[in-house]
Amino acid sequence: MNLHLDMSSSPHQVLLEVQSVLEKNEASYVSAELLDRLGEMTRKISDRRYCESYVNPTILFTHSLKLLESFPLQDNKKNMILLLRLYRGGVICTRNLLTFLSYDLSHILTCCIAFWKQDYDSTDQIVQLWKRKTLSNYMELLSNVVNFDPSLIKDDLTIELIKPFLDLCAASSLWMQGTFRTPFMMFFGCLMHHKKVRASMMQMKPFLDIFGIIVAKINFYAAVIQNELYDDTRPIIPTPSTISSLRLWEEHDSQMLPSSSNIGTSAGFSSVSQSGESQHAVDILEEFAAPLVNIIDEDFIDFTDTYRLVSSRDAYTEFIRACQIVLTFEPLNKSLELSNIMKWLLEVANVVMLDVKRVLNGYVEEHDLQYTNFQAFAIIDVMSYVSESMKGSSFTKKERLCEQLGVLLREVHNKTISKRLRDVDNKIVAFPHIKSLIIEVLGNLCYHDSKIQNLLREHHILELILSNCIIDHDNPFLKERSILCIKFALKNNALNQLLIRSLEARLVVDGSVFRDIGVDVKIENGNVSLSKDKPI
């Protein structure tokens, strides 16, 4: 590869000529030769060997920043395409130079906003195409800047410029389109990673609009993947905005993805192998999920609490659902700290449990029940997934979590009716799957943990679990999970085994429950006696 260019075609000279033509805002000065030289220089400038031999970084830095200010003005209606092509080449050159130089993010944002606001002929589709292409390259430049030097987004001027930039994005569908979407999600995720910037954005309506759409898109593409790959029996109760979003986006996405008329759940994602259209949906899901993954850190509790206060109930419920998807989908959660997730779950569960108690203890409208069902299921489902991964290990406030779940299990058990198969109907049920999931989590928590085993006994949770060794249509696998939980609770715990032996027979429990964990049950004078068929 020949890296040499004569000085008349050096990057400095080419950029000066491009800048001069753009400042004149006259397309007659745009020659095919200049476009070719700019294209050749743009390709060569990305080669480090060439730049180290023929480029003065300081001069190029000055030229490239000045060039960004020289965008075509909207008052020139003739031959705008040539000027846009020339300006776009300058943006691409600036993007490629980023490997060697450090740019002023606030300056780039200012130029991007000013260019975006230019009201070029909206009836000329070719002009609009080149404008969109240029904005996509701008987005790549912004994304590269914050990825190379994240500290650049902390200054006050940059934070002030974020609002008008997000205003433009929120008013346009451009940020959801492929060539713009990928770098935008990286840029948006970097913004959200900084607590100061994030706190400022939480007060901006365009941020809430964009973040709400991102959350709904996560729901949508997760549904596409799930409905395409397998039939899930777990119910999901979509919020009104989710339903309207699906209807809106089915047409928008119909060319590249199978449509979906309902929302599934995240359970089972980790064991599914994607291919074809479903893999394409996974790729898009990962892009939309990137900003959310970026904020699941030690400050995520604060973000969630603030978002709950500033957003609608619809938006918050969809946010919880999106968290469920991200945290239970292995391609998305590989880099996440389970301990941080568990801390977050504890705090969110506090709020959800209050709503559950309110529902169970008083009259609520049907949509209130839907929201609470939705949130409770999502949170306990994530607990189940995380606790399975942390089985046998200790973490902060593990005992507190066990106590909370015991209280919630008692509330749901005492104030809901178990439904046999013959009782099945289509009515909304209060907290389906919740008992089954809680008991699964309790089983994970007490696995090889004597403290949790003892806590189950001391708080009378063990007897409650025994009472759930039944078939319940609204809680699939309730019996099986209860049996497994009892087995873990009795393992090497003499006091728990003694409790079982001393229980008075208050309810009839299927004897196969105990046989499955290696215990033979006999009832004499109202007391239960056990003998071991095999070691517990």
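The sulfur of Cys111 lies 8.8 Å from the closest cysteine sulfur, that of Cys112, which is too far for a bond. A disulfide is defined as a pair of cysteine sulfur atoms within 2.5 Å. For Cys169, the closest cysteine sulfur is again in Cys112, at 7.7 Å, and this distance is also too far for a bond. A search of the whole structure finds zero disulfides. Cys111 is buried, with a relative accessible area of 5%, and Cys169 is buried at 0%. Here, buried means under 20% relative accessible area, exposed means over 50%, and partly exposed lies in between (1.4 Å probe, protein chains only).

The structure is a predicted model, in which local features need pLDDT of at least 70 and side-chain atom pairs count only at pLDDT 80 or more, while totals for chains, interfaces and linings use all residues. Residues are numbered from 1 along each chain as its sequence is written, and side-chain values use heavy atoms, with hydrogens and water left out.

The secondary structure of the protein chain consists of 25 helices and two strands. Helices (H or I, at least four residues) and strands (E, at least two) are DSSP runs numbered from the N terminus. The protein chain has 536 residues, of which 54% are buried. A contact means heavy atoms within 4.5 Å. Of the contacts in the protein chain with a separation of 6 or more, 80% join residues 24 or more positions apart.

Confidence is expressed as pLDDT, the predictor's confidence in each residue, from 0 to 100. The average over the protein chain is 78, and 76% of the residues score at least 70. Among the elements of the chain, helix 21 has the highest mean pLDDT (95), whereas helix 12 (residues 240-253) has the lowest (38). The pLDDT is below 50 over residues 230-275, a stretch with 106 contacts in the model beyond near neighbours in sequence. Residues 1-8 also stay under 50, and the model gives them 16 contacts beyond four places in sequence.

Helix 21 spans residues 450-458, and Ile452, Gln453, Leu455, Leu456 and Arg457 are buried in it. The cover over these buried residues includes helix 19 (398-415), helix 20 (434-446), helix 22 (461-466), helix 23 (478-490) and helix 24 (494-502). Just after helix 21, His460 takes a positive phi of about 60°.

Positive phi values also occur in two loop residues. His433, in the loop between helix 19 and helix 20, has a phi near 75° and is buried, with a relative accessible area of 8%. Phe477, in the loop between helix 22 and helix 23, has a phi near 65° and is exposed, with a relative accessible area of 55%.

Arg481 is located in helix 23 and is buried at a relative accessible area of 19%. Arg481 and Ile438 are 43 residues apart in sequence, with their C-alpha atoms 9.4 Å apart in space. In helix 18 (residues 366-389) lies Gln375, buried with a relative accessible area of 4%. Leaving out residues up to four places away in sequence, Gln375 touches Tyr316, Thr317, Ile320, Val352 and Asp355.

The structure holds 27 aromatic pairs. In one of these, the ring centres of Phe184 and Phe188 are 5.6 Å apart and the planes are at 25°, so the pair is stacked. Rings of Phe, Tyr and Trp (its six-membered ring) pair if their centres lie within 6.5 Å; planes under 30 degrees apart count as stacked, over 60 as edge-to-face and the rest as tilted. Because Phe184 and Phe188 are four residues apart in helix 9 (residues 178-193), about one helical turn separates them. Both Phe184 and Phe188 are buried.

Lysines also lie over aromatic rings. Lys133 lies over the face of Trp130, 4.5 Å from the ring centre, and Lys391 lies over the face of Tyr447, at 5.1 Å. The criterion is that NZ of Lys or CZ of Arg is within 6 Å of the ring centre and within 35 degrees of the ring normal.
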